[in-house]
Amino acid sequence: MEYPIEPFKIKAVEALPLTARTERERHLAEAGYNLFNLPSRVVTIDLLTDSGTGAMSDEQWAALHRGDEAYARTRSYERLGEVQSDLFGFPYFTPVHQGRAAERVVFEVLLQLGDLVATNQPFDTTNANILARGAQALELVVEEAYDPVSTHPFKGNIDLGRLEGALKGRPRPKLVLITITNNTGGGQPVALENLRRARALCDRYEVPLYLDAARHAENAYFIHEREEPALTIREIVRATFSLADGMMMSAKKDGLVNIGGLLCVRDRELFDRICQNMVRTEGFPTYGGLAGRDMEALAQGLQEAIEEPYLRYRIGQVRYLAARLREAGVPLFEPPGGHAVYLDALRFLPTWPREHLPGQAVSVALYREGGVRAVELGTLAFGERDPQTGVWRFPRLELVRLAIPRRVYTRAHLDYVAETVISVYRGREGIRPLRFVSEPPSLRHFLARFEELDPEI
Ligand code: F0G
């Protein structure tokens with residue numbers, strides 16, 4: 001597998017924390033075996049998330065100095081508006097401080113108790129914001145999304161038959177929300193044709209179509225590669241958003257910034273209601289909780305994220321790590337998605353009962369072995385336990401996500417990650433099961449603490 005040339009050179013560096021195994025043992029115990037509790041200063045390669053962890057370019061750092069810090073309708077807001085309109089084409093937009101702010105505002109304006117939202121698969125904050133309105137998300141992703149070995153090119157697609165069934169049903173969903181790429185299901189792309197057909201169904205049943213566009217540029221690259229090679233990335237991005245009535249974007253991913261987001265709509269009356277909510281909660285809608293300089297960096301980042309050499313490197317880097325692991329027999333969720341390599345913990349530890357939290361146990365083992373921090377997306381993140389009976393409802397997949405921050409790690413870093421994972425895989429009989437010692441009723445994944453059991457158990 002070839003490693004793509006990085007289309008940049010390095011101008012500022014940050015020291016990488018190196019720790020001894022005995023220190024890592026202590027840090028794990030102190031963190032209650034929950035990797036969210038580890039201080040970043042003891043993490044050597046941090047693959048917890050690709051969100052807000054990317055490196056800005058020299059042009060973005062330069063743009064910070066142009067930040068207009070007046071209160072309302074600043075030059076920075078106008079510049080961001082020009083880029084938004086040029087790339088995405090929405091008539092109305094407001095910046096927000098991050099993706100979940102856009103979710104909350106849109107759902108407060110659009111949803112009421114008992115409403116349904118038809119999705120491919122919602123991200124966890126999206127789902128939580130839907131539930132907070134007393135509404136419910138329907139997960140209608142294609143069946144291949146649950147099969148870790150299917151190499152279907154667009155495993156993020158919404159199942160159009162099930163979508164039509166939901167749109168015919170009662171109550172009719174208030175909106176359709178498609179996440180590009182589908183982070184919950186392995187960072188898998190959604191095809192343009194799938195979006196076109198979903199749009200046609202939304203027209204037929206008069207339901208608005210929204211996109212969760214956190215990773216829209218990576219999605220566009222997959223479309224370019226697998227579906228529409230004659231279109232440029234820019235044309236694909238434009239075509240994608242032309243199908244939507246609105247979009248919410250965490251710009252901490254493909255916006256190439258450390259903080260920020262966008263909320264865009266076509267409907268004027270709806271936008272007025274969004275603005276009223278924004279003024280009360282997030283900030284005046286020409287800054288939405290961001291500084292002028294944040295908007296400048298974002299305006300620049302949005303343009304860099306759709307450059308083809310950047311995306312070829314970005315997706316190529318993820319594929320390179322996947323290929324090294326696959327070669328060594330490490331079970332992966334296939335094919336690798338846009339922003340992360342996902343390990344399949346159920347094939348990694350095939351004899352384990354799910355109650356022993358195999359995904360979390362593998363994540364702990366990766367930190368212990370090499371100071372690599374990953375995140376579990378399985379029983380801990382998505383499972384439920386009946387508070388009365390203690391009986392579990394397990395999610396269909398048990399994944400460990402190695403999310404690659406944008407423009408941060410080099411090939412040598414990825415080789416180090418590969419060696420760490422391979423070594424944990426080869427020594428997998430030594431991985432220790434986990435048991436909860438404290439299990440908060442919500443947001444368990446961030447707040448729970450565990451103890452380790454003996455490997456034999
Ligand atoms: N939508 C998707 C698809 C996401 O992946 C995220 C965040 C959000 C919305 C929320 O955006 O963090 O800016 O408020 N995902 C991060 C992750 C946290 O690690 O995957 P936010």
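## Domains and their interface

Domain bounds here come from an automatic or database domain assignment. That assignment gives domain 1 as 21-50 + 307-452 and domain 2 as 58-304. The structure is a predicted model, in which local features need pLDDT of at least 70 and side-chain atom pairs count only at pLDDT 80 or more, while totals for chains, interfaces and linings use all residues. Residues are numbered from 1 along each chain as its sequence is written, and side-chain values use heavy atoms, with hydrogens and water left out.

Let's start with how the two domains meet. Their centres, taken over C-alpha atoms, are separated by 27 Å. Contact means heavy atoms within 4.5 Å, and 27 residues of domain 1 are in contact with 34 residues of domain 2. The size of an interface is often given as the accessible area lost when the parts come together. Buried area is the accessible area (1.4 Å probe) that two parts lose on being put together, summed over both. Domain 1 and domain 2 bury about 2,600 Å² between them, and 54% of that is on carbon and sulfur atoms. On the domain 1 side, L311, F333 and R396 lose the most area to domain 2, together 20% of what that side buries.

Helices (H or I, at least four residues) and strands (E, at least two) are DSSP runs, numbered from the N terminus. Two strands pair if DSSP finds at least two bridges between them. Axes are lines fitted to C-alpha atoms, for helices over the stretch in contact, and angles run from 0 to 180 degrees between N-to-C directions.

Seven strands make up an open sheet with mixed pairing, in the order β2-β8-β7-β6-β5-β3-β4. At its edges stand β2 (92-96) and β4 (136-139), each with a single partner strand, so one side of each has no neighbour in the sheet. From one strand to the next, the twist averages 20 degrees.

What is the burial state of strand β5? Buried means under 20% relative accessible area, exposed over 50%, and partly exposed in between (1.4 Å probe, protein chains only). Strand β5 (residues 175-179) is mostly covered, with five of its five residues buried. L175, L177 and T179 point one way from the strand, V176 and I178 point the other way, and all are buried.

Two parallel pairings involve β5. Strand β3 (residues 116-119) pairs with β5 over three bridges in the parallel sense, and A118 has V176 as its bridge partner in β5. Strand β6 (residues 209-212) pairs with β5, also in the parallel sense, over four bridges. Here the bridge partner of V176 is L209 in β6.

Another open sheet has three strands in the order β9-β14-β11, with antiparallel pairing. Its edges are β9 (340-344) and β11 (375-377), and each has a single partner strand, so one side of each is left without a neighbour in the sheet. The twist averages 30 degrees from one strand to the next. Five bridges hold the antiparallel pairing of β9 and strand β14 (residues 399-403), where Y342 stands opposite R401 in β14.

Two helices lie across strands of this sheet. Helix α12 (residues 308-327) lies across β9 and β14 and runs at about 25 degrees to β9. Helix α14 (residues 358-370) lies across β9, β11 and β14, at about 40 degrees to β14.

## R435

R435 belongs to strand β15 (residues 434-438). At 45% relative accessibility, this residue counts as partly exposed. Leaving aside neighbours within four places in sequence, R435 is in contact with R449, F450, E451 and L453. From C-alpha to C-alpha, R435 and G288 are 42 Å apart in space, and they are 147 residues apart in sequence.

## Cysteines

A disulfide is a covalent bond between the sulfur atoms of two cysteines. The rule used here asks for a pair of cysteine sulfur atoms within 2.5 Å, and by it the count is zero disulfides. C275 is in no disulfide either, with the nearest cysteine sulfur, that of C264, 12 Å away. C202 is buried, with a relative accessible area of 1%, and C275 also counts as buried, at 16% relative accessibility.
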